[in-house]
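Me: I'm new to reading protein structures, and I'd like a close look at one part of this one. Could you walk me through the annotated sites and the strands around them?

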Amino acid sequence: MRKQIVAGNWKMHGTLDEVRLLADQLHAAAFHLQHHQEIVICPPFVYLMLLRERFLDRKEFHIGAQNCYTEPSGAFTGEIAAPMLSSIGVEYVIIGHSERRQYFHETHDMLAKKINIALQSGLKPIFCCGEPLDIRRQQAQNAYVEKQLQESLFHLSEEQLRQIVIAYEPVWAIGTGVNATAQQAQDMHAFIRNLIANRYHAGIADDITILYGGSVKASNAAELFACPDVDGGLVGGASLKAEEFIRIVESLAVKQSNH
Ligand SMILES: O=C[C@H](O)COP(=O)(O)O
């Protein structure tokens, strides 16, 4: 049965007091998740240890970083290495978010290296893919996403690919309030699953968790999560509001297993 996840990407938000308050509110919430469902919290690096310790007694919560560097250590001032993350109990790392691709010029090749070092360090990458608006307008989104997967993921062995979570995040839906429709999300998720089936085999395609990201809110989560190939969400803005995020998690809790 493949894993279903709601992941909160806090991006570059929150002072220590704000993060403590949000963590307390989430910690106090009662979730009724099924055994194959998880919550992943991805705070800025400086709060990883704090969050890890805060949620040690809540097994449904897992901690993820928002990025890692391509090398395991070295003279790279300001960067954070994947082995450092695993050494403090971080389980997941977001790789290839469109903001990293756009503002920090991360290439397919760099992302492939980050995937490799994350896997070698025992982290589970949440690999982001998704097309910008002009590509969607040309109806060229499938080829665009296919290239992202081919260039940064499809060199992996089957065993390695099984450690990956894919997040489909159409760039035009991120932070805009305009989410992909359930049908658009389902179509792309099915397309990605089909690509994996063709490159590897149907068994692994069925096992890979594919999240949707882009303006997920409490009001649209249930409809998006109801899609058979949508295994949860990668949530940005709405993950910073405890009540909203809790309701999104509750929308996943009632989702039936698809596999
Ligand atoms: O990583 C999360 C995505 O960028 C979605 O952000 P958003 O929910 O604010 O649109």
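Reply: Let's start with one term: two residues are in contact if their C-beta atoms, placed from the backbone, lie within 7 Å. With that cut-off, and leaving aside neighbours within four places in sequence, Glu169 is in contact with Ser98, Cys128, Gly130, Ile174, Gly213, Gly214 and Leu234. Please keep in mind that this is a predicted model.

An unreviewed UniProt entry gives His97 and Glu169 the feature "active site". Although these two are spread over 73 residues of sequence, they cluster in space, with a largest C-alpha distance of 8.3 Å. Both sit in loops: His97 in the one between β4 (92-95) and α4 (98-103), and Glu169 in the one between β6 and α9. Are they buried or exposed? A residue counts as buried if 20 or more other C-beta atoms lie within 10 Å of its own. His97 has 28 such neighbours, so it counts as buried. Glu169 has 27, so it is buried as well.

Now for the second annotation. Under "binding site", the unreviewed UniProt entry lists Asn9, Trp10, Lys11, Gly175, Ser215, Gly236 and Gly237. They span 229 residues in sequence, yet no two of their C-alpha atoms are more than 13.9 Å apart, so they gather at one spot.

Let's visit three of these residues. Asn9 belongs to strand β1 (residues 4-9). With 26 other C-beta atoms within 10 Å, Asn9 is buried. Not counting residues up to four places away in sequence, Asn9 touches Cys42, Gln66, Ile94, Leu234, Val235, Gly236 and Ser239.

Gly175 lies in the loop between β6 (165-168) and α9 (182-199). Gly175 has 12, so it counts as exposed. Beyond residues up to four places away in sequence, Gly175 touches Gly236 and Gly237.

Ser215 is in the loop between β7 and α11 (218-225), and its 22 C-beta neighbours inside 10 Å make it buried. Its backbone deserves a look too: Ser215 has a positive phi of about 60° although it is not a glycine. For background, most residues other than glycine have a negative phi. His105 also has a positive phi, of about 55°, without being a glycine. You will find His105 in the loop between α4 and α5, where it counts as exposed, with 8 C-beta neighbours inside 10 Å.

Of the 14 residues around the ligand, Asn9, Ile174, Gly213, Gly236 and Gly237 come nearest. This shell divides into 5 nonpolar, 8 polar and 1 charged residues.

Gly213 leads us to the strands. In β7 (residues 210-213), Ile210 and Tyr212 point one way, Leu211 and Gly213 point the other way, and all are buried. β7 pairs with β6 in the parallel sense over 3 bridges, and Tyr212 in β7 is the bridge partner of Tyr168. β7 is also joined by 2 bridges to strand β8 (residues 232-235), and this pair runs parallel too. Here, Gly213 stands opposite Leu234 in β8.

Within β6, look at Ala167. Ala167 is buried, with 27 C-beta neighbours inside 10 Å. Leaving aside neighbours within four places in sequence, Ala167 is in contact with Ile126, Phe127, Cys128, Leu211, Gly213 and Leu234. The C-alpha atoms of Ala167 and Val230 are 9.6 Å apart, although 63 residues separate them along the chain.

Finally, here is the nonpolar core. The largest one has 70 residues, of which Val93, Ile126, Phe127 and Ile166 touch the most other members. Helix α5 (residues 108-120) gives this core its largest share, 5 residues. Apart from neighbours within four places in sequence, Ile166 is in contact with Phe127, Cys129, Ile192, Ile208 and Ile210. As a general rule, in soluble globular proteins nonpolar side chains tend to be buried together.

Key. Residues are numbered from 1 along each chain as its sequence is written. This is a predicted model: local features need pLDDT of at least 70, side-chain atom pairs count only at pLDDT 80 or more; totals for chains, interfaces and linings use all residues. UniProt positions are given in the numbering used here, feature names are shortened, and annotations may be inferred rather than shown by experiment. Helices (H or I, at least four residues) and strands (E, at least two) are DSSP runs, numbered from the N terminus. A nonpolar core is a set of buried Ala, Val, Leu, Ile, Met, Phe, Trp, Tyr and Cys residues joined through C-beta atoms within 7 Å. A residue is near a molecule or strand if its C-beta atom, placed from the backbone, lies within 6 Å of it. Ala, Val, Leu, Ile, Met, Phe, Trp, Tyr, Cys and Pro count as nonpolar, Asp, Glu, Lys and Arg as charged, and the others, Gly among them, as polar. Two strands pair if DSSP finds at least two bridges between them.
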